[in-house]
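Student: I have not seen this structure before. Could you take me through it in short steps?

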Amino acid sequence: MPKTSQQPLLYMEEYRVKQDPQDYGLADEVFNIDIFKQKLKVTIVRNDEEGLEFDLIGVYPAIANAFRRLMLSEVPSMAIEKVYIYNNTSIIQDEVLAHRMGLLPLKADPRLFTYRTEESPENGTEQDTLEYELKVKCTRRKDASKDQSTFDEIYKNHKVFSGHLKWLPKGKQGQIYTESSVGCIHEDILIAQLRPGHEMDLRLIAVKGLGKDHAKFSPVATAYYRLLPLIKLNREVSGKDAYLLQSCFSPGVIGIDENENAYVKDARYDSGSRNVYRYSHLADAVTLARVRDHYIFTVESVGALKPEVIFIEAVKVLKKKCRSFIDEIEAE
Amino acid sequence: MLIGRMPLMLRSSNCVLSGKTEFELSKLNECPLDPGGYFVVRGQEKVILIQEQLSWNKMLTEDFNGVVQCQVTSSTHEKKSRTLVLSKHGRYYLKHNSMTDDIPIVVIFKALGIVSDQEIMSHIGVDPQSQNRFGASLLEAFNLKIFTQQRALDYMGSKLVVKRFQSATTKTPPEEARDLLMTTILAHVPVDNFNFQMKAIYVALMVRRVMAAELDKTLFDDRDYYGNKRLELAGSLISLMFEDLFKRMNWELKMIADKNIPKVKAAQFDVVKHMRAAQITAGLESAISSGNWTIKRFKMERGGVTQVLSRLSYISALGMMTRVNSQFEKSRKVSGPRSLQPSQWGMLCPSDTPEGEACGLVKNLALMTHITTEVDEHPVMILAYNAGVEDIREVSGNPINNPHVFLVFINGNVLGLTLNHKHLVKNMRYMRRKGRIGSFVSIHTSYSQRCVFVHTDGGRLCRPYIIVEKCRPLVKQHHLDELQRGIRKFDDFLLDGLIEYLDVNEENDSFIACYEENINPTTTHLEIEPFTLLGVCAGLVPYPHHNQSPRNTYQCAMGKQAMGMIGYNQKNRIDSLMYNLVYPQAPMVKSKTIELTNFDKVPAGQNATVAVMSYSGYDIEDALILNKASIDRGYGRCLVYKNSKCTVKRYANQTFDRIMGPVKDALTNKVIFKHDVLDTDGIVSPGEQVQNKQIMINKEMPAVTSINPLEGQSPQVPYTAVPISYKGSEPSYVERVMVSANAEEDFLIKILLRQTRIPEIGDKFSSRHGQKGVTGLIVDQEDMPFNDFGICPDMIMNPHGFPSRMTVGKTLELLGGKAGVLEGKFHYGTAFGGSKVQDIQAELVRHGFNYMGKDFFYSGITGAPLEAYIYSGPVYYQKLKHMVQDKMHARARGPKAVLTRQPTQGRSREGGLRLGEMERDCLISYGASMLIMERLMISSDAFEVDVCRICGRLAYCSWCHFCQSSAHVSKISMPYACKLLFQELTSMNVVPKLILEDY
């Protein structure tokens, strides 16, 4: 990592964010691919169920932002788009039900499917469509005794979960995919509640789509970045004040050594709350800043694709966009 | 014997729904949260509004255009009349509208049997001041030569208003005057066996009031003071109506009986046969459904007493139940009755009133207000006599003038005198707290009038307070613990004498501490909870005490337009219009009122994460920016239900309406588009999507319904189609079809239509602080700003909405909501209380957020950090019923009016947009003559007419009928309306002539 002094900083003052007076940002820089390559650095920090966290260092905000935007809205995923309602006697309205079905995250890998085109038939082809059905009927449990009072004991199927969804293989899909590879990611999403006599009979059509069309096609729960926080102690803070200072930041940011002196342990996971400024006697002891070209990305996948795959897909989308842009320029 | 049926107030003690448990109510398809209190008449929910009136049987001294007068509106079960005592040129008169002239007061005294001047003076007061002031009045009677009771009655008899219908029993004018004195003038003062003494005392008191007010202007009474007001509830209004109808029925029966009994008939006359139960039933029914309250015996005629219960939202229905309507005329520009009265404190909500013409005249009850019902005054009178009240008739006039003697009034009537008023008041209150007399009996002292007033009548506003004795509130912690455990109820507090109800008059006679720490040795009562001084609607506002007051008023009006849930049974209802939110949420920042009114169970709004910042310029003038992803996920989605209905009738001539099945196209054998959604029975089937102009009920009606069926004719009657079709640019879905029968036993078909609407640009949203705004732009999620935690706001609000509105409560709501979300709990924004900012900030800090609620944001478009920290967090937003889809309107071509051939008017008729006079002026001043020509004629109602150049009249088919020639006829185009005007003028023998020139 380059030395702190070389890092372009943004100072977080009490009421505003201020750029370093010496820092002119992008204004005068001419883009140079070699310098870019030399500066660019990517480090993966964490990759687990909660998502992917990686650092993107040495790029302009426009580039970092492009990846974020693409992950949110231009990386495709599969979602239910059409709902054929054969019967719905539940209290939930057809449109609302259809909307809820659309928001169910599906396991299906969008890379294995194509977009639906104008030419594709009404019911779609096995390359661009997944079909599901939902058939639930609520009945009263005959064996339930009189003194049982919870709905679970009295009724059968009184809650419709995403797990009730059944995949209907289309064409040769049955040989390629399995229920678990295209079904709902979560089995326990409550879709509706039924009472005896209520019935649902739906056929659902899932297609490939983009997040910019509808949020249900977005492959991420969220994808965002933040700038690396930087905390500098301007003077020695010790004793009671050290503990006070510690409490002003997220846990683990400020450490206290054996002499009861505060030191910056790890500024990375500070939440940027700026609560030091509440204490006037501590406000001058610290300088809060952000490293302007150090982006900490967090990608939380919905579950169909792994977060790293989503990022790579986003890069591919950007590449494709650049390619078509270059093609267009050259064509002129 | 059935004499009639009475409409029943829902959830009243006689209603089947009263006392039912939540489960039982649910089983009956009723919402357990529904407040009741309305009537269902002819299939409509009707509310009888609370009517505010000036108190009756009460002396009011006031300055009426420089004339000091004391007026009393007497009201008994039989009569209502207004009597005035006024001072004119230093003399006193009595005025009553049964008298053509003002009667000198001494004449009245003499007519009432107090003949000697000395006796009169002893009633008025014997102090020199009074003697001086009253001398002129005595002289006037002397000049009129009225010395005896008989002469006085003669004089009054000569001034009687001549009645239009002379009654059969002929009475001499003096006798009539005496009857008048007995029954009509000051009707509420009892007269038995022509003993007018009480009336004389009462008149003397009125004179004394006028005299006192002449000397001291501060003694004028305030009409707007709530102690001088009475509220009439549905019960008393209905009883008034019933009494009138019942008396009318009795009178009519008597007339019939009088006519029939003298006749000799075989069968004995039976009155019962002539009783019609329908008369009372229909009378009450029509009064409630029309809202016209006509009481013949009081000559009262009032309109708009009832209103249809607004079921727009739960709060609007609840708010309607607490509405108080003033009798004051709306058009008059007087500020007094409209302004906030200090005595309104705790009784009527200071915030909830409409803007505009009804401002301050329509009010709403506060949370704990109780309106008294009438209780028997007799036990109270006995108690008062036992507590030291002496009958005034047994003491001569002189004690009245004694400054230590206090007069005691009960319900506006003189009860007697007391020497020790403090003792009396204390005893009476003690008895009330012990439950010996009704808890709504009020007693208060007026030192300026040297009177003690006891009230047991109905319609007084009152409110519970905790009793304070010896600087300690009687309600102790252990009582509250018992309440918590459910051992104690509110009524137990009342029965134990810990809490009592005070009406406005008594409240003003007490020292009430707002908080326990304010109690001092003079304190008599303690406020139960300060937030209860607000009403139901104002109770929704979090932190209302931090807002500028008009903002709370605006919210009170807007909360009624918010959509959400209207009750647990909303899916069973078929309203003509119902708005529901798809995903309603309980607010993050609640208030105690919200919990008490169950608003959190039937909410109307959603918690939106709001960032207070500017964005794009599509947010000026309070416009809001919405996140498209939020909308995609269901934010602001609403359901709009409408119904359409029709009846299938049977006619007198044995013909009847019929419903036909769908028609098939002859060529393709497919059902035609218009009938596409019809089921085989000719009615739409549920679940179907109906498009514009499609038919929902294919009804046909016989062409002839009036004449009698012709004998022996074939049953083939010509039918005309009268289908019920769907109108609307957006399609609807059929939620339900109901086939039933109405009161006339005709078939009734109702179709409930549903639309799901997604927020779009122009839809109106509002927070709970009177901050409404329309959607200005819907932005993709990636373009929205995001913060260090990856949070993207659902909504962006421009900060310019804050400085001038001063809705600090909204900023606190945001802070409280944010902390609540992080902590997983609800915060309270109860008025005059609520979660403290310090506590909220501590919670924010605990979760690593900035204590001021401002976060570090990045621009979603450039990706760079924003220079300012952004104030962001959840705020409860209401979607209001005004949506663009119902309002947008444009027309290129469309229907025209038949008469003028100009485009029709109004959106519902797909009308044109008027280029009005001012717009025309603009075009004239600009010189765009051809544009005017186009807008006003060519695009509207251009018409080619033939004009004769010789006579200037309109010709027809190139032939001038006046000149009998076609030689000089030219064609010009002019507006059809102009041609029509010419023809209409011609038909009235006015000849407009056109002079044509070459152009």
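Student: Over how many bridges do strand 4 and strand 5 of chain B pair?

Tutor: This is a predicted model: local features need pLDDT of at least 70, side-chain atom pairs count only at pLDDT 80 or more, and totals for chains, interfaces and linings use all residues. Residues are numbered from 1 along each chain as its sequence is written, while chains are lettered from A and ligands numbered from 1 in the order in which they are written. Strands (E, at least two residues) and helices (H or I, at least four) are DSSP runs, numbered from the N terminus, and two strands pair if DSSP finds at least two bridges between them. Strand 4 (residues 60-64) and strand 5 (residues 67-75) of chain B are antiparallel, and the number of bridges is five.

Student: Which residue in this hairpin takes a positive phi?

Tutor: The hairpin of strand 4 and strand 5 of chain B has two residues between the strands. Within the pairing, Leu60(B) has Gln71(B) as its bridge partner. The residue with a positive phi, near 50°, is Asn65(B).

Student: How many residues of helix 13 of chain B are buried?

Tutor: A residue is buried if 20 or more other C-beta atoms, placed from the backbone, lie within 10 Å of its own, exposed if 12 or fewer, and partly exposed in between. Helix 13 covers residues 477-485 of chain B, nine in number, and lies largely in the open because its buried count is zero. Just after helix 13 of chain B comes Gly486(B), with a positive phi of about 85°. The buried count in helix 13 of chain B is zero.

Student: What is the C-alpha to C-alpha distance between Lys601(B) and Leu33(B)?

Tutor: Lys601(B) sits in the loop between helix 17 (592-596) and strand 27 (606-612) of chain B. Lys601(B) has 16 other C-beta atoms within 10 Å, so it is partly exposed. Lys601(B) and Leu33(B) are 568 residues apart in sequence, and their distance in space is 8.7 Å.

Student: What share of the residues in chain B is buried?

Tutor: Chain B holds 24 helices and 48 strands. Its C-alpha trace spans about 105 × 95 × 70 Å along the principal axes. Of the 999 residues in chain B, the buried share is 38%.

Student: How many residues of chain A are in contact with chain B?

Tutor: Two residues are in contact if their C-beta atoms, placed from the backbone, lie within 7 Å. On the side of chain B that touches chain A, helix 18 (628-632) and strand 37 (747-757) each give two or more residues. Chain B has 29 residues in contact with chain A, and the number from chain A is 34.

Student: What is the strand order in the open sheet of four strands in chain A?

Tutor: The pairing in this sheet is antiparallel. Strand 5 (77-88) and strand 10 (166-168) of chain A are the edge strands, each pairing on one side only. Strand 6 (residues 130-137) and strand 10 of chain A pair over three bridges, and Glu131(A) stands opposite Leu168(A). The order is 5-12-6-10.

Student: How far apart are the centres of domain 1 and domain 2 of chain A?

Tutor: The domain bounds come from an automatic or database domain assignment. Domain 1 takes in 4-74 + 222-234 + 285-298 of chain A, and domain 2 takes in 77-217. Taken over C-alpha atoms, their centres are separated by 41 Å.
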